[in-house]
Each structure stands twice: as structure tokens, then as C-alpha cells.
Amino acid sequence: MILSEKETTVIKDLQTQEQCCVEKYERYSKLAKDQVLIDLFTDLHGKEQKHLESLTQVLSGKVPSCDCNDSDGKDYNPAATYSMASSEDKKTDCFLATDCIGTEKLVSSTYNTEVFAFGDPGVRKLLADIQIEEQNHAEMLYKYKTVNSMA
């Protein structure tokens, strides 16, 4: 598969966003106070790294297979750590989770738009799959906030 100049630019832009997500989840896993949130950030870090690797494969002319996983968000049921009471740790973790939800919404929206820049159906399927996974990430973060009385 040979990408057009426009397709190459789009993939590089998506790589930049995925790299930002990788770095954000790595940094936030060190800033978070709650082990449940640390574990979630660590998990999402790995998933974003896989997205980045998939995009790198596309740049090299290969379209990796995708699993069209749409159940991570639905299946995620975090344990509650925080009560209704406010604390500095809870405020910190709420901020981190909220910021990541905003990032996931932005990235998901970008995939939703950019998928149409590609002629290859395999690339479109991959990007659509990643877009769904980004939505799952936001849902997981929202569930974390909800169970911890942050939403």
C-alpha cells in the first residue's frame, strides 16, 4: 500500500496525538494518588502505545489487523476508593481523569473526521476501530469518576 501525501500527513498528525496520549498516561500514572486510577492510566498507556505502533505500521505500508474491540468501556467496573467527602487526593485524581476524558474526546473526534481521508478500506477499518477504542477509554475514565463521586 502506498499512501498519498495527504494520507501520510494525516497519519503523522494522528501519531502526534497518540504520542501525546502515551506521554500523558505515563505522567499521570505517576501523579495519581489512587491505585485504581494508576492501574487505569497504566492500562490506557499500553493501549495508546498500540495505537501509535499501528499508525507506524501504516506509514510503512502495512495495515495491521484490528480486533474491533468495543467492550472495554462497557466491561470496565472500577472499585470505589473515594467517598462523597472531598480531599486533596480526590481533587487531584478528579482533575487528572477529567483532563484525560477531554483528551480522549478530542482524539476520538479527530479519528472520526480523518477516517474519510483514506481510500484503502483496511486503513479506514483500522482508524474506525481506534476511534471506538478512544471512546472506550473516555467511558472507562467516566466510570472511574462516577464510582468515586467525582462526576
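Tutor: Let us take the terms one at a time, keeping in mind that this is a predicted model.

Student: Why is H51 called buried?

Tutor: Buried means under 20% relative accessible area. H51 has a relative accessible area of 3%, so H51 counts as buried. You will find H51 in helix α2.

Student: What makes the pair H51 and E133 a polar contact?

Tutor: The cut-off for such a pair of N or O atoms is within 3.5 Å. The side chains of H51 and E133 are paired at 2.6 Å, so the distance meets that cut-off. Leaving aside neighbours within four places in sequence, H51 is in contact with E18, I130, E133, E134 and H137.

Student: Where else do H51 and E133 turn up?

Tutor: Look at the largest pocket, which has a volume of about 260 Å³. Its lining has 15 residues, and K50, H51, D67, D129 and E133 lie nearest its centre. Two elements each give two or more residues to this lining, α2 (35-59) and α5 (121-147). Helix α2 gives the most, with six residues. By type, the lining divides into three nonpolar, five polar and seven charged residues.

Student: Why is G46 called partly exposed?

Tutor: Partly exposed is the range between buried, under 20%, and exposed, over 50%. G46, also in helix α2, has a relative accessible area of 29%, so G46 falls in that range.

Student: And why does S149 count as partly exposed?

Tutor: The reasoning uses those cut-offs of 20% and 50% again. S149 is at 30% relative accessibility, so S149 lies in between. You can find S149 in the segment after α5.

Student: How do you know which residues have the most contacts inside the largest nonpolar core?

Tutor: Contacts within the core were computed, and L40, F41, F118, L127 and L141 have the most among its 34 residues. The elements giving two or more residues to this core are α1 (5-31), α2, α4 (88-114) and α5.

Student: Which residues does L141 touch, apart from its neighbours within four places in sequence?

Tutor: L141 is in contact with Y25, L40, F41, L44, A97, C100, I101 and E104. Being in contact here means heavy atoms within 4.5 Å.

Definitions and conventions: Residues numbered from 1 in each chain as written. Predicted model: local features only at pLDDT ≥ 70, side-chain atom pairs only at ≥ 80, totals over all residues. Heavy atoms only, no water. 1 Å grid on protein atoms, 1.4 Å probe; cavity = no way out; pocket = protein on both sides within 12 Å on 5 of 7 lines; lining within 4 Å. Points joined across faces, edges and corners; volume = space filled by probe spheres on them. Helix = DSSP H or I, 4+ residues; strand = E, 2+ residues; numbered from the N terminus. Nonpolar A, V, L, I, M, F, W, Y, C, P; charged D, E, K, R; others polar. Core = buried A, V, L, I, M, F, W, Y, C linked by side-chain atoms within 4.5 Å. Buried < 20%, exposed > 50% of the residue type's maximum accessible area, 1.4 Å probe, protein only. Polar contact = N/O pair within 3.5 Å; in protein donor to acceptor, adjacent residues only side chain to side chain.
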